[in-house]
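Please work through each task before reading its solution.

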Amino acid sequence: MTQAPKKTKILYRVWKGNNRFFCGGRCIFGPDVASVFLSVLLIIGPIITFCYQIISKIHNCAKLHEGDHLIDGHHHLLSFPILIVTLIIMLSDLSFLLLTASRDPGIVPRNAQSMESSDTSDFNTPSMEWINGRTLHMKLPRTKDIIINGFSVKIKYCDTCLLYRPPRTSHCSVCNNCVQKFDHHCPWVGQCIGLRNYRFFFLFISTSTFLCIYIFTISLMNILQERKIYHSFLKLIVGEIISVILLMYAFLSVWFVGGLTIFHLYLICTNQTTYENFRYRYDKKDNPFNMGVLQNIKEVFFSRIAPSMNNFRARVLDEVVENRYFAPNISADMASSFEKVDVEAGSPIEGGDSMPIPDLLRKWDYKSTIENQSTNNEHKDEALDHPALYNIQEYDHQGLRECEQICTEDDTIILDHIDHMIEDETIADSVFYEDVHQRPA
C-alpha cells in the first residue's frame, strides 16, 4: 500500500510567536502593528501641513510677479527647493521606519524538542513522555559559561524556545521570540529592535531628529521674515498660524527623538544595548563586547547584516509544527532572581582564550544544531515504524496500568492499617481513662 502524502503548512501561518505577517510572509511585524500607522501619521500629518503652506506661498508669490521682478521686492523663504528637500527627508524617514518594523529583527528559531530529552535517549516511549512531562526540575544547567575576549559570560537556557541563548540574546515577552542582540521592544515601531534592524532603527530616529530640527528652523525663519509685512505681533501670529503650530510641534518632538538619538549614539560608541545598559551597568565593570569607538561604529553601520535564521515562507510538516512551534514551557519561572540574568560579564580570566566578538556571533551555529535535531527526528520516525516498537509501547502502557493499580492497592492497605492503629490507640486511651477513675483514692 502506498503511504498517504504528509500534510505541510507554511511556516509563517503556524508561527508560535506573536508576530503579524503580510505580503505572503515577506514582511514580519510585531503584534502591535497598529502603532506603526500611528507613527506614520505623526510624521505625515505635520509634513503635509508644511507642504501645503509652502505651496500656498509659491502660489501667492506667483501672483506678485510682473515679468521677472516682484512688485514689492519681497522674496519668500518657503519656495520650491524647500518643498523638494522636505519631501526627500520625509520619504527617507518613512523608509527607515518601514525597514525597521517589517523585517526579522534576528529571531532565533526554536528547537524541535528539549535538549535534555534529546540527550538522554534516542527516542521517547509514551511512558517516558508521561514521566518527562511531570518532571519538576530539568537535568540541564540553567546557565553556561563561555569566554569572550578573556571575560566569562553567562548564557541562559530559554524555557520557551528550548535552547541556550546566544550571547546578547534575550526573549521578548511581547513578541514571544528570542532575538539576537536584543535592544528593546519599541512601542512606536511595534517591533523588537535587534541585530538585523538596529541600524535602520537608529537611522529612523536620527532622520526624525533632523526632520524636527529642519521644520523648526524653517518655520522660525519664515516667521522672522514675514514680520516685516505685518504691523503687529498678533497679526503675525494669525497670518502665520501654520508656522507657529509647526514650530511648537517640532520643538516638543525634538526633545524626545533627539534625546533618544543621543542616547543610542552613546550605546553604539560603547557597544551596548539598551537592555544591557539598564540591567548590567557596564560603567561599573568591564564590557567584554567593547572593541573601541571606531570598531563599534563600523560594526553597526558598515558590517554585513546577518541573514535571517528563518525562512517564514517555507513549508513544514505537521509533525514538525506540533513538536517545534507548539512545544510547552518546561520548568518555567523556576530560576531564582539571580539566575534570570542573561549575560553577566565577570572579571577578566587569566590565560583565557580570546575570541573576537563578530567571529563569535558568526560562528554561533544554530543551523547545524537544528539539522542534527531534524536528523534525530527522522531516525525517530523510522524507529516508530518498526513493528517491534508497538509491543514496547503496549508493554509501557500495560506497565503504567499495573503500576497505578499496585499503588492504589498499596495506598488502600496503608490507609486501612492507619485506621486500625487509630482505633487501637482510641481503645487504649479509653481503658486507661476508665482504670484511672475507677482506682480508689
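**Exercise 1.** Determine which residue lies over the face of F289.

*Solution.* R168 lies over this ring face, at 4.2 Å from the ring centre. The criterion requires NZ of Lys or CZ of Arg within 6 Å of the ring centre and within 35 degrees of the ring normal. The model is predicted: local features need pLDDT of at least 70, side-chain atom pairs count only at pLDDT 80 or more, and totals for chains, interfaces and linings use all residues. Residues are numbered from 1 along each chain as its sequence is written, and side-chain values use heavy atoms, with hydrogens and water left out.

**Exercise 2.** Classify the pair formed by F21 and F312 and locate both residues.

*Solution.* Rings of Phe, Tyr and Trp (its six-membered ring) pair if their centres lie within 6.5 Å; planes under 30 degrees apart count as stacked, over 60 as edge-to-face and the rest as tilted. By this rule there are 13 aromatic pairs. For F21 and F312, the centres are 5.2 Å apart and the planes stand at 50°, which makes the pair tilted. F21 belongs to strand β2 (residues 20-22), whereas F312 lies in the loop between α9 (293-301) and β14 (315-317), 291 residues away. Helices (H or I, at least four residues) and strands (E, at least two) are DSSP runs, numbered from the N terminus.

**Exercise 3.** Decide whether F21 is buried or exposed, and treat F312 likewise.

*Solution.* Buried means under 20% relative accessible area, exposed over 50%, partly exposed in between (1.4 Å probe, protein chains only). F21 has 15% and is therefore buried; F312, at 6%, is also buried.
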